[in-house]
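Welcome! Take your time and keep the structure in view as you go.

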Amino acid sequence: MALPIEAHALIGDTHSAALVANDGTIDWLCWPRFDSDACFAALLGEPRHGFWRIAPTVPVRRVHRRYVRDTLVLETEFHTDAGTVRLCDFMPLREDTPHLIRIVEARTGQVPLHLEFAPCFGYGDRTPWARLIPGGVSTKAGPDALYLSTELPLRLEHSHVLADFAVPEGQRLAFVLSWHPSHLPPPRQPPDPFLTRADTERWWRAWALRCIHESPWRAQVLRSLITLKALTYSPTGGVVAAPTTSLPERMGGVRNWDYRYCWLRDATLTLLTLLDAGYTQEAQAWRDWLLRAVAGEPDELQILYGVAGERRVTELELPWLPGFAGSRPVRIGNAAVGQLQLDVFGEIADCLYHALRHGVCSDAEAWDVSVHLLRFVERNWDQPDEGIWEVRGGRQQFTHSKVMAWVAMDRMVKTANLRGMRGAQVEHWKALRAQMHADICARGYDARRNTFTQAFGSQSLDASLLLIPMVGFLPPDDVRVRGTVEAVRRELCQDGLVRRYHTHETRDGLPPGEGVFLACSFWLADALALMGREGEARELFERLLGLCNDVGLLSEEYDPVAHKMVGNFPQAFSHLALVGTALNLSREGGPVQQRSH
Ligand SMILES: OC[C@H]1O[C@H](O[C@H]2O[C@H](CO)[C@@H](O)[C@H](O)[C@H]2O)[C@H](O)[C@@H](O)[C@@H]1O
């Protein structure tokens, strides 16, 4: 069984990513793209589903991990009685071929090590044929091939590649793994893995230098931004929600989803964060991705796409994989693709409006797309939808969806103002905006309990309601907003952290039970800050920072009873929310203040 989620660290090359556990095992790698089949899938199953391990054969007294400062180059140090050995893992920024490099450095003494390289293509379904060749080993199955090159003599046992070795003190040894289509010969290798490491570190440092954020939390913010950059598919600017599929929202449960796609919601929320942190170029690339992806008829708009804008992401179950900690089914693809989620229209309008305000160039195309999408909102805003949480139990009149439909109308009015437009069209949008506002306040608010509710007429609460003041629907000192924040704290918090909703109460089509949702917990800190309750906001924020693992990464959810991370990892939504709250707490005019104006 794989190690806990939090025992993992991320490496990547902005096309794909791998997870490295703190025992020296790579147990997740999809090549050549984030959403390609995994060649190491032991994370969701057993060793036979593919892994690559380099680790001491003597007892390890202590493991210490870190990223090399301001980079995505990982170092894992194993302290043993025989000495200390350091394993350095990274993926060089891609030119043509995907590579993953592991370097073993003997710090002190001479530690006996064992290498086991056992890929299994097709998410652990296709054992490859392995062959020793000069300078390494070649493995192939179907369309995929891997070439592992090293100076170390390797041996083959069935399809497993093995080596027992030790590196003399002060010396180092490199392994370069490359993917290539099986019908082509092994690709050209990086000329010198040690120089490639230096180049990769330089590239990430130069990227990190562009961060203009200054606060007591700069290190955590930068780690989150580097993670968001690593989750960006650089050829197109699309951002994946996470590099994994099916890490469970409840251990042993069925809430297991594939996040290796680009959600309009998650990615549009990235934009303000990137702009605020100084990454205008990335924000521009994302805006362009968005305009390309949503081009076409608005009723054909999807809430998620492949990283290059692909529309087909059919959900399938992989029955041969037992799942992380027995959490079945393992799914690839995502059926949420076919859902109606009205909030997305508000998020797009908000994102384009703020891009314009920040000087990310305005063009006729962005305006035409926005007008087109708004017509759809006008026709459909009163329809039930699946909502921000993508419920699978049927559509409802979710209050948050309606608020975001209002946001779509509001940002169009504001964009029109910025563009100096007047006239009947703008007046019509203003009238509709007022009508929506009145309707939401009448039907989505429970005066008896002084709280907005999850859906019109429902008794349930929902953490998405914390966003009401943040998107500017009502001011933070409005009595209904205060009441809602208090109700969420009272009824949805567990051990001070926020659940999305009560899974036993909401008709989400799934058996109840999941962790607290980390992004929602950051939103509570944002709402408190906006209400002037800085001390409480900071306290909650610091607590949430304490949930990051040893290398600063967060999953989607957290199990406050087992004290374990749950859900896909690392998750963009959680890291976005972390950066947003740091910005809100460190200065006036952070994302929350900006979005609400
Ligand atoms: O809980 C059910 C749904 O869970 C996933 O959706 C969640 O992840 C998305 C990506 O980060 C996020 O945008 C959404 O708000 C979350 O609820 C899953 O992808 C869905 O298929 C599933 O129905």
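Helices here are DSSP runs of H or I with at least four residues, strands are DSSP runs of E with at least two, and both are numbered from the N terminus. Please keep in mind that this is a predicted model.

**Exercise 1. Find out how many helices and strands the chain has, and how confident the predictor is.**

Step 1. The secondary structure of the chain amounts to 15 helices and 29 strands.

Step 2. The mean pLDDT of the chain is 94, and 98% of its residues reach 70 or more.

Step 3. For the complex, the predictor reports an ipTM of 0.93 and a pTM of 0.96.

**Exercise 2. Compare the radius of gyration of the chain with that of a compact globule.**

Step 1. The chain has 597 residues, and a compact globule of that length would have a radius of gyration near 25 Å.

Step 2. The chain has 25 Å, so the two values agree.

Step 3. Along its principal axes, the C-alpha trace spans about 75 × 45 × 45 Å.

Step 4. Buried residues account for 53% of the chain.

Step 5. Take the contacts with a separation of 6 or more: 65% of them are between residues 24 or more positions apart.

**Exercise 3. Work out the strand order of the eight-stranded open sheet and name its edge strands.**

Step 1. The order is β6-β7-β8-β9-β16-β13-β12-β11, with antiparallel pairing.

Step 2. β6 (60-67) and β11 (129-133) are the edge strands, as each pairs on one side only.

Step 3. Ignoring direction, neighbouring strands of this sheet are turned by 15 degrees against each other on average.

**Exercise 4. Follow the pairing from β6 through β7 to β8.**

Step 1. Begin with β6 and β7 (residues 74-80), which run antiparallel and are joined by seven bridges. Across this pair, R62 stands opposite H79 of β7.

Step 2. Look at the hairpin of β6 and β7, which has six residues between the strands. In this hairpin, D70 takes a positive phi near 60 degrees.

Step 3. Move on to β7 and β8, an antiparallel pair with seven bridges. T76 has L87 in β8 as its bridge partner, and the hairpin joining β7 to β8 has two residues.

**Exercise 5. Locate β9 and β16 in the sheet, then find the helix that lies across them.**

Step 1. Strand β9 covers residues 99-109 and strand β16 covers residues 172-181; seven bridges join these antiparallel strands.

Step 2. For one of the pairs, go to R102, whose bridge partner in β16 is F175.

Step 3. Now find helix α2 (residues 193-209), which lies across β8, β9 and β16. Helix α2 runs at about 105 degrees to β9.

**Exercise 6. Decide whether D439 is buried, partly exposed or exposed.**

Step 1. D439 is found in helix α9 (residues 424-443).

Step 2. A residue needs 20 or more C-beta neighbours within 10 Å to be buried, and 12 or fewer to be exposed.

Step 3. D439 has 15 inside 10 Å, so D439 counts as partly exposed.

Step 4. D439 and D382 are 57 residues apart in sequence, while their C-alpha atoms are 9.6 Å apart in space.

How values were computed
Residues numbered from 1 in each chain as written. Predicted model: local features only at pLDDT ≥ 70, side-chain atom pairs only at ≥ 80, totals over all residues. Pairing = 2+ DSSP bridges. Axes fitted to C-alpha atoms, helices over the stretch in contact; angles between N-to-C directions. Contact = placed C-beta atoms within 7 Å. Rg over C-alpha atoms; globule rule 2.2 N^0.38 Å. pLDDT = per-residue confidence, 0-100.
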